[in-house]
Amino acid sequence: MPKLWAAMEPVSVVIPTFNEAAAIAAVLREIPRDLAAEVIVADGGSTDGTLEVARAAGARVIDGGRGYGRACMAGADAAISDVIVFMDGDGADRGDLLELIAGPVVAGTHDFVLASRTRGRRDPGAMLWHQVLAGRLAGFGIGVLYGVRYSDMCAFRAIRRDVLCRLDMREMTYGWNIEMQMKAARAKLRVQEIPLPYRCRAGGESKVAGSLSGTLRASGKIVSTFLRVGFQKI
């Protein structure tokens, strides 16, 4: 893919993982290394060899602790670059499109950029109906509260380190993404949502959509985070 941003500084890519051995090597190979100063795999206690596969593929592996948000924060704290990109390690996000997500933040035209799976082209079965509905409902609610309308809660996103620090992230589990989006909207950041293609996961089972219990736990965290941030006094 031709470079869109002529002087794009390298960014830090943070990938939270938990038992992603079947996919993580391909995920790491797809990330353009001329744009990524480092790739940090923040692992939440994998037992399937994810850590060894990630190290062999050139990632810096750290202990991310248990919880999706906690792993993201650990990766962000360990990052060396001013711009941090988050993405999943299951192979569904298009790491080769890193520049589309990171470029506007690096260029200074936007503070927070995230992919939209629902507005982009999705492989059949890549998202379940309740995932699409959750993104739309969350976007509607955030629009009512803050006037910024999102269409999704995709993990693939970029933000500058100092901006992330100002958001004062508190949710350390599955509510991390919606908390970031709500606080970005409330802070009146320059937000851009970019439609990007989305694939079926390359291997393993989704921790959220792969089971009823996982879906219920994640849904509960998203709802409780929405209520907490929405009623929070600034």
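Predicted model: local features only at pLDDT ≥ 70, side-chain atom pairs only at ≥ 80, totals over all residues.

Trainee: OK, take Glu193. Is it buried or exposed, and why?

Mentor: Glu193 has a relative accessible area of 14%, which is under 20%, so Glu193 is buried.

Trainee: Where is Glu193 in the fold?

Mentor: Glu193 is in strand S7, which covers residues 191-195.

Trainee: And what is Glu193 in contact with, leaving aside neighbours within four places in sequence?

Mentor: Leu114, Ala115, Ser116, Arg119, Tyr150, Ser151 and Asp152. Its side chain also reaches the backbone nitrogen of Asp152, at 3.4 Å.

Trainee: Which side chain does Glu193 meet in a salt bridge?

Mentor: That's Arg119, at 3.4 Å from N to O. The two come from distant parts of the chain: Arg119 is in the loop between S5 and helix H5 (129-146), 74 residues apart from Glu193 in strand S7. Arg119 counts as partly exposed, at 47% relative accessibility.

Trainee: How many salt bridges are there?

Mentor: The count comes to 12. One of them joins Arg190 and Asp111 at 2.9 Å, N to O. That pair also links distant parts of the chain, with Arg190 in the loop between H7 and S7 and Asp111 in the loop between helix H4 (98-107) and strand S5 (112-116). Arg190 is partly exposed at 41%, whereas Asp111 counts as buried at 16%.

Trainee: Switching topic: how many aromatic pairs does a search of the whole structure find?

Mentor: It finds 2. Tyr68 and Tyr174 have ring centres 6.4 Å apart and planes at 20 degrees, so that pair is stacked. Tyr68 is in helix H3 (residues 68-78), and Tyr174 is in the loop between helix H6 (161-167) and helix H7 (176-186), 106 residues apart.

Trainee: What about the rings of Phe86 and Trp176, how are they arranged?

Mentor: Their planes are at 70 degrees and their centres 5.8 Å apart, so they are edge-to-face. Phe86 belongs to strand S4 (residues 83-86) and Trp176 to helix H7, 90 residues apart. Phe86 and Trp176 are both buried.

Trainee: Last one: which ring does the charged end of Arg117 sit over?

Mentor: The ring of Tyr198, with the charged end 5.2 Å from the ring's centre.

Note on methods. Residues numbered from 1 in each chain as written. Heavy atoms only, no water. Helix = DSSP H or I, 4+ residues; strand = E, 2+ residues; numbered from the N terminus. Buried < 20%, exposed > 50% of the residue type's maximum accessible area, 1.4 Å probe, protein only. Polar contact = N/O pair within 3.5 Å; in protein donor to acceptor, adjacent residues only side chain to side chain. Contact = heavy atoms within 4.5 Å. Phe/Tyr/Trp six-rings, centres within 6.5 Å; stacked < 30°, edge-to-face > 60°. Lys NZ or Arg CZ within 6 Å of the ring centre and 35° of its normal. Salt bridge = Lys/Arg side-chain N within 4 Å of Asp/Glu carboxyl O.
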